[in-house]
Amino acid sequence: MSTSTRPLNRGAACLPCRKLKARCDGNRPACGRCVANNRPDDCEYAVGGEVTRSRLLEENIALLEARIHELENPGEAPSMRLHNPHRQESASGSASRTQVAGASHFQLHPPGMPQQTDPLRGPTEQPLTHAEAPALFQTFMAHAPQLGLFLNPNRFVRAVSLPRGAPGAVDEALMNAVYLWGSRLSSATALRAREEYFSAKAVQAASGATLMAQSMAPVNGVLHTVQAEVLLAHYFFSSGRFLEGKYHCLAAVALVTGSRLHQLDLAALAGAGVDPVFIGEKIHAFWTVYALDQAWSAAMNAPPSICQRGRNGIVITTPWPLAIEAYEQGIVIPRHGYNYSVLDFAQGGADDSGEEFSRLALRVKAAALLSSALYVSAQYRPDLSNRGQFFAQFTALDGLIENFHRQLAAIRNGRPDDMRELLVCRTLACVAAIQLHSVFAIHQPTSRQKSLTVAVASARALDIIDVNQYRHLDPVIAMLWAIICKTLVEEMRRLRHSAVAVRQEDMVRITTSLDGIMRAMASLAPGIPLMASHLAEIQQAKATMN
């Protein structure tokens with residue numbers, strides 16, 4: 001236990017002492033006052049904008065209250081009160097809380113099924129057979145890169161084949177999250193019928209595992225629990241259940257920051273002889289959660305939970321993620337070091353990071369640009385006093401987004417998983433440009449034309465893959481395509497009501513782009529309910545113009 005006799009800096013006291021406005025000695029893991037009151041488990045510190053157990057519990061309570069409200073009022077649309085981007089964050093540095101009214105040769109060991117009937121879930125489920133379990137797992141692995149799998153795939157396959165409870169085996173929460181996605185994406189009707197059941201099982205197991213991971217070291221470390229939360233966040237976001245998705249995303253943020261995965265000392269880990277693949281999994285775990293948090297927060301017009309701006313912004317020192325193969329070859333530290341941070345990138349600093357980055361690094365950059373675009377555009381006011389500073393920042397970010405998209409567009413050949421990821425990254429970059437120019441697009445022809453240009457470019461990005469060959473893409477692309485389609489529909493409406501003559505080729509270009517994106521959405525809608533919902537809205541908006 002660490003001790004301290006010096007006065008604490010403002011805001012450095014533990015949360016219970018701050019609430020009581022009592023003097024705190026700052027001792028860790030529990031301060032003297034909490035120990036004296038026989039409540040050491042309640043003593044926790046919020047440092048650098050990290051998510052605490054208290055906040056996670058508050059989110060869980062709010063989520064339960066919202067679900068009760070929705071069940072009691074089935075006729076109402078789910079309500080979601082998002083953060084106002086024009087309101088400054090609190091001094092605590094934490095983001096405002098979203099308010100809620102492989103192969104068949106290995107053997108799988110399915111988690112035990114309940115033997116009693118649950119009145120809320122229908123008849124008792126039968127255990128998975130040894131044919132069904134591999135089928136669900138193989139379906140999951142076919143789409144794993146787009147579902148947020150950051151664990152080493154080869155080792156994950158071996159871990160799944162171990163008997164449940166064996167050292168290194170996959171735990172209940174993660175296994176049920178895998179089966180949940182396998183059920184959602186399965187082509188077999190009988191397996192798809194299990195989706196609701198696996199959802200309930202995975203949520204129940206993950207909630208307990210997450211709270212346990214924050215208070216003690218879990219058997220398999222925190223990575224399996226983080227992975228389960230990431231899969232559940234993707235699942236609920238893809239279902240259009242943003243409140244649950246945000247909760248599980250926040251749980252993942254709490255786990256990676258609480259485990260200091262954002263501040264890994266690679267030199268110390270490598271010097272201690274830690275397995276390079278395990279180090280790589282830790283690095284990928286943090287950056288996967290970072291990209292998930294940044295992209296979905298921006299898509300929902302809310303601030304990210306992992307915030308680097310402001311006096312209490314979180315400091316990230318974990319280096320950029322390398323390709324999985326690099327860690328398998330024993331490479332941990334990039335040849336160029338890791339002084340170049342994600343904040344440096346988002347602020348336009350010279351990129352000396354080299355060519356070794358993985359597709360996850362591209363996703364991190366794309367998500368960071370979208371988050372930055374939301375932040376910068378929210379700063380504008382017509383009566384802004386420091387207009388010069390704002391427009392300098394605006395112009396620099398606009399150029400950065402354009403250069404990044406140009407680099408992505410130059411990549412033409414790659415593995416199927418790489419090209420799927422490339423499509424998502426290019427779409428993120430296009431929406432970042434649209435978001436940045438959104439405050440001026442209505443009245444400024446230059447910004448309106450820029451938004452239209454990148455919207456058309458996002459449609460051209462579909463040429464790099466055949467969407468019809470896939471049952472799933474990262475569900476955030478449903479939100480992104482909806483924003484892009486809205487831009488195209490509004491431009492079509494403007495041109496149809498324009499007092500000046502409209503060139504036919506301009507209208508054809510916009511219509512072709514809109515139809516291309518809508519076809520892609522229709523192809524993916526069966527596996528992504530959120531995609532189906534947005535597609536219906538776009539179809540209705542388009543129909544009103546005819």
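**Buried threonines, a helix crossing and a core**

Reader: Is Thr-487 buried or exposed?
Author: The relative accessible area of Thr-487 is 15%. With a 1.4 Å probe and protein chains only, under 20% counts as buried, over 50% as exposed and anything in between as partly exposed. Thr-487 therefore counts as buried.

Reader: Thanks! What kind of model is this?
Author: Residues are numbered from 1 along each chain as its sequence is written, and side-chain values use heavy atoms, without hydrogens or water. Local features need pLDDT of at least 70, side-chain atom pairs count only at pLDDT 80 or more, and totals for chains, interfaces and linings use all residues, since this is a predicted model.

Reader: Which backbone oxygen lies 3.1 Å from a polar atom of the side chain of Thr-487?
Author: Thr-487 sits in helix H19, residues 476–496; helices here are DSSP runs (H or I, at least four residues), numbered from the N terminus. A polar contact is a pair of N or O atoms within 3.5 Å; within protein, one must be able to donate a hydrogen and the other to accept it, and residues adjacent in sequence count only if both atoms are side-chain atoms. The oxygen at 3.1 Å belongs to Ile-483.

Reader: And which residues is Thr-487 in contact with, leaving aside neighbours within four places in sequence?
Author: Contact means heavy atoms within 4.5 Å. With those neighbours set aside, the partners of Thr-487 are Ile-434, Ser-451, Leu-452 and Ala-455.

Reader: Where is Leu-452 placed, and which residues does Leu-452 touch beyond four places in sequence?
Author: Leu-452 belongs to helix H18, residues 445–460, and is buried at 4% relative accessibility. Beyond four places in sequence, Leu-452 touches Thr-487, Leu-488, Glu-491, Arg-509 and Ile-510.

Reader: At what angle do the axes of H4 and H6 cross?
Author: Axes are lines fitted to C-alpha atoms, for helices over the stretch in contact, and angles run from 0 to 180 degrees between N-to-C directions. The axes of H4 (residues 132–143) and H6 (residues 172–185) come within 8 Å and cross at roughly 80°. Since 65 to 115 degrees counts as roughly perpendicular (under 35 is roughly parallel, over 145 roughly antiparallel, the rest oblique), H4 is roughly perpendicular to H6.

Reader: Which residues of H4 and H6 make the contact?
Author: H6 contributes Met-175, Val-178, Tyr-179, Trp-181, Gly-182, Ser-183 and Leu-185. From H4 come Ala-133, Leu-136, Phe-137, Thr-139, Phe-140 and His-143.

Reader: Which residues have the most contacts inside the largest nonpolar core?
Author: A nonpolar core is a set of buried Ala, Val, Leu, Ile, Met, Phe, Trp, Tyr and Cys residues joined through side-chain atoms within 4.5 Å. The largest has 150 residues. Those with the most contacts inside it are Phe-140, Phe-156 and Trp-481.

Reader: Which backbone oxygen lies 2.6 Å from a polar atom of the side chain of Thr-318?
Author: Thr-318 is in the loop between helix H12 (276–299) and helix H13 (324–328), and is buried at 5% relative accessibility. Among its contacts outside four places in sequence are His-262 and Trp-287. The oxygen at 2.6 Å is that of Leu-261.

Reader: What is the phi of Arg-260?
Author: Arg-260 lies in the loop between helix H10 (242–258) and helix H11 (266–271), and is partly exposed at 35% relative accessibility. Although Arg-260 is not a glycine, its phi is positive, at about 60°.

Terms used. Helices (H or I, at least four residues) and strands (E, at least two) are DSSP runs, numbered from the N terminus.
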